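Here are my notes for you to read beside the model. Take the points one at a time and keep the picture open as you go.

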Amino acid sequence: MATGKTAAAEKEKAPARSWPLLLIRNALLWLIPVAFLWTVFAPVYNRFLLGSAQNLVRLTEYPSVTDILRKDDHFAYISRRDFPPSRTLVNSFRVTDVHFHLLMIGVLFLSVPGVPWRRRLENLGWAVLITIFFDIFLIFFYVKATYAARLGAWSLAHYGAFARNFWGLGQHLLDLPFKFSLPFLLWIGFYYQDLTAAIRPKAPARPAPTAGS
Amino acid sequence: MARKTPVSPKTATPDDVPFWRRNRREIQFLVLFVVLLGGGFTLISLNWVNDHVIEPFTSGIAGASGTVLGAIGQPVIREGTILRNARFAVNIRNGCNGVEAMLIFLAAVLAFPASWKSRLAGLGLGILAIQAVNLVRVVALFLTGVYFPRIFDTSHTVIWQTIVILFGVMLWIFWANRFAAPAEPA
C-alpha cells in the first residue's frame, strides 16, 4: 500500500518538477498550428467583430450615423453618414491588430501540461468568449476616441474635456496594456493554482519569504 | 428559510468555502496586477513623462538599433526615434519600444508573492532580457522593411508583438519557478 502511494506520489511529482519547461516546449509546438488557425479564421472574425462593434456604437447614438466598413482582409474604416460626402471616412484601423492576442491565448491555453484536454478546451472556450467581448469593446472605444479627440473642431464642439480624456485614456489603456496582457491575465486566472502547485515543491528548500512577501 | 448547518473545518469540502476565499491568491494577484499595470500605463501616458522619459528612452533604443544595423552592414541615419536609409524608414513609437512588455513583466513580478530580493533580481534581469529581444525585433523589422516590405505589416503587428509578449510571459514563468517562493496557504 505504502509502495503504491509512493509510486503514485512520485508519478505526480515527476511532471510537476519540469512543468514550466514543458509549458515552454508545448508553447513552441503550438505556435505554428494556432497561427495557421488564426490566419484562416481572421477574415471571418473581422467581419463578425466589425458588425458587432457597429451595432454597439449605434446603440449609443441617435440617429444612427456610424458605419464601420471593411476595406480588405485587414483594414476597416470608421464612417459617419451625417458628414459631407467628401469627409465621411473619419478614420481607419487595422482589424487584425485588434485580435492578434487570440493567437497568444490559443498558444498559452493549449500548452498547459498535466491538465486533461476537456478542462484545457473548456478554459480556452471561456477565455475566447471573454476575448470576443473585449475585442468588441476595444473597437467601440476606437470609434468613440476618434469622435472625441481626433476630429478637430468637431470633437471640441461635441465632447467636453472629461469625455475627451475618458475616451482617449480608455482607448489607450485597452489598446496597449490590456490588449497585450489579456492572454496572460486570463491564463493566470485559470491556471494560477496549477502554476503555484508546480513551483511549490521547491519552496521548502528555500528560506522562508522575508517581509514584503 | 435555509437551515444553517455548522460545518467543521476538518470536513469542509472546497465547495463549502466561498469563491473569493477559495481563490483569494488568484484574485489578490490579478487585482494587484491590473492596478499596477493600469497605473504604470496611465503614468507613461502623461505628456511630461512621455516627453522627458519615454521619448529619450525610445531615442536610445533607436540609437542602439542603428548601431547594430551599422555593425551588420546596414548603415542608417537616426533622427530622434526615426531610423532610415535610402530604401526604408521606420519610426519607433510607443508599443514598439518594449516599454509595454516591460510594464507587464514588472506588474506581474511585483504582484506575485516573492521576496523583494527575488523581485529586484527578476526585474533587473527581466527588463534587460526584454530589451535585448526588443532590440532584435527592431533590427529584424527594419531588415524586413528593406528586403520584404510586403510582409512588414504582418511581421510588425502579429509576429513580433506575439513573440515579445510570449517571451515576457515565459520569462515571468521561469522567474516564478526559479526564484520566487510562493508562501504555503495558511
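1. Let's begin with confidence in chain B. This is a predicted model, in which local features need pLDDT of at least 70, side-chain atom pairs count only at pLDDT 80 or more, and totals for chains, interfaces and linings use all residues. Residues are numbered from 1 along each chain as its sequence is written, while chains are lettered from A and ligands numbered from 1 in the order in which they are written. Helices (H or I, at least four residues) and strands (E, at least two) are DSSP runs, numbered from the N terminus.

2. For chain B the mean pLDDT is 85, with 89% of its residues at 70 or more. The scores of the model are ipTM 0.79 and pTM 0.81.

3. Now look at where the chains meet.

4. Next, find the largest nonpolar core, which has 92 residues; A:Ile139, B:Ile104, B:Phe105, B:Ala108 and B:Trp172 have the most contacts inside it. Such a core is a set of buried Ala, Val, Leu, Ile, Met, Phe, Trp, Tyr and Cys residues joined through C-beta atoms within 7 Å. With 16 residues, α7(A) gives the most to this core. Leaving out residues up to four places away in sequence, A:Ile139 touches A:Leu49, A:Ala53 and A:Val98.

5. Why can we call α4(A) largely enclosed by the rest of the structure? Because 10 of the 11 residues of α4(A) are buried (20 or more other C-beta atoms within 10 Å of a residue's own; exposed is 12 or fewer, and partly exposed lies in between). Among them are A:His101, A:Phe109 and A:Ser111. Their cover includes α2, α5 (117-149) and α7 of chain A, together with α6 (152-178) of chain B.

6. Chain A has an open sheet of 3 strands in the order β1-β2-β3, with antiparallel pairing. Its β1 (66-70) and β3 (89-94) each have a single partner strand, so one side of each is left without a neighbour in the sheet. Two strands pair if DSSP finds at least two bridges between them; β1(A) and β2 (residues 75-80) of chain A have 5. In β2(A), A:Ala76 is the bridge partner of A:Arg70. Packed on this sheet is α2(A), which touches β1 and β2 of chain A and makes about 175° with the direction of β1(A). Axes are lines fitted to C-alpha atoms, for helices over the stretch in contact, and angles run from 0 to 180 degrees between N-to-C directions.

7. Finally, chain B has an open antiparallel sheet of 3 strands, ordered β1-β2-β3. The edge strands are β1 (77-79) and β3 (89-91) of chain B. Between β1(B) and β2 (residues 82-84) of chain B there are 3 bridges, and B:Ile77 stands opposite B:Arg84.

Conventions
Two residues are in contact if their C-beta atoms, placed from the backbone, lie within 7 Å. pLDDT is the predictor's confidence in each residue, from 0 to 100.
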